[in-house]
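Hi there,

Here is the structure I promised to pass along.

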Amino acid sequence: MAKKNRNFVAVEEKEKDSKKIGVDSKGRLVEVKATPKEGAKSKRIIAICLWLVGIFFEVIAILRLKDVINWIPSLSEVTFLIIALVLDCSAVIIGSQFWKKANHIDPASEKNAFRFWVQNNLGTIISVIAFLPIIILVLTDKEMDKKNKTIVSIIAVVLMLVAGVASYDFNPISVEQLEKAEKEVLATENFDTNADGEAVVYWATHSKKYHVDKNCPALQNSDDVFMGTVKAAYEKNLTEPCRRCIPELHENEDTKEEE
């Protein structure tokens, strides 16, 4: 049976250029230019800007509620408030996705538990800030029709919950976790290195784990296999190693099963 040809795609962490590695007609490795990745700093700036946009729409909703502005007279108060809150929710959620990606590129340390918690949950905190004030004002507004008050407040609460859950990082990583993973790879003494002499791991498009061995059976049916540092894998949200590729972890797992 002929061996399946695979393309190896090199992925670099942070702001380094990524390179696609292919094979030409003569069997030589060739590099194909790819789009550079944005770093953690730029992603955090984008996230903060989007969060401010979300809060801006909340302020607009508050001003409309208080009859300070009425930019679109053809829209009823309820319709205007709902549109503003939906835009608020959208901006907060998109901003939080950038923030979570930045945290996987540049994670916080677990040594400072409070900072670690805040950095990984800031998107959810912003979600509360972007909705709670308008919810309180709507519920305490004595001039607003009771039916409209119920509709707007329910929608605002639902949007706040949606934004909060979407902004929450269910798989946060820390500097210590990343360092431990890097040491596990180095301990195998069977890893490949890139041009900079750094240890690399491998993964496929739909992988849930990273692999130390590029010939791991789990990768055999993949047309494209990506390779990069452990940090690059973590940026892709691949935070768990293949146990078969790291014998020590595999042995520990077998021991636990026997116990």
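The accessible surface of the protein comes to about 15200 Å² (Shrake-Rupley method, 1.4 Å probe), and carbon and sulfur atoms account for 58% of that surface. Please keep in mind that this is a predicted model, where local features need pLDDT of at least 70 and side-chain atom pairs count only at pLDDT 80 or more, while totals for chains, interfaces and linings use all residues. Residues are numbered from 1 along each chain as its sequence is written, and side-chain values use heavy atoms, with hydrogens and water left out.

The protein has 8 helices and 6 strands (DSSP runs: H or I of at least four residues, E of at least two). Along the sequence they follow β-β-β-α-α-α-α-α-α-β-β-β-α-α.

Now to one helix pair. The axes of α4 (residues 132-140) and α5 (residues 146-167), lines fitted to C-alpha atoms over the stretch in contact, come within 9 Å and cross at roughly 160° on a scale from 0 to 180 degrees between N-to-C directions. That makes α4 roughly antiparallel to α5 (an angle over 145 degrees).

Which residues of α4 meet α5? Leu132, Ile135, Val138 and Leu139 in α4 are in contact (heavy atoms within 4.5 Å) with Lys149, Val152, Ser153, Ala156, Val157 and Met160 in α5. By class, this contact has 8 nonpolar, 1 polar and 1 charged residues (nonpolar: Ala, Val, Leu, Ile, Met, Phe, Trp, Tyr, Cys and Pro; charged: Asp, Glu, Lys and Arg; polar: the others, Gly among them).

Best wishes

Key: Parallel < 35°, antiparallel > 145°, perpendicular 65-115°, else oblique.
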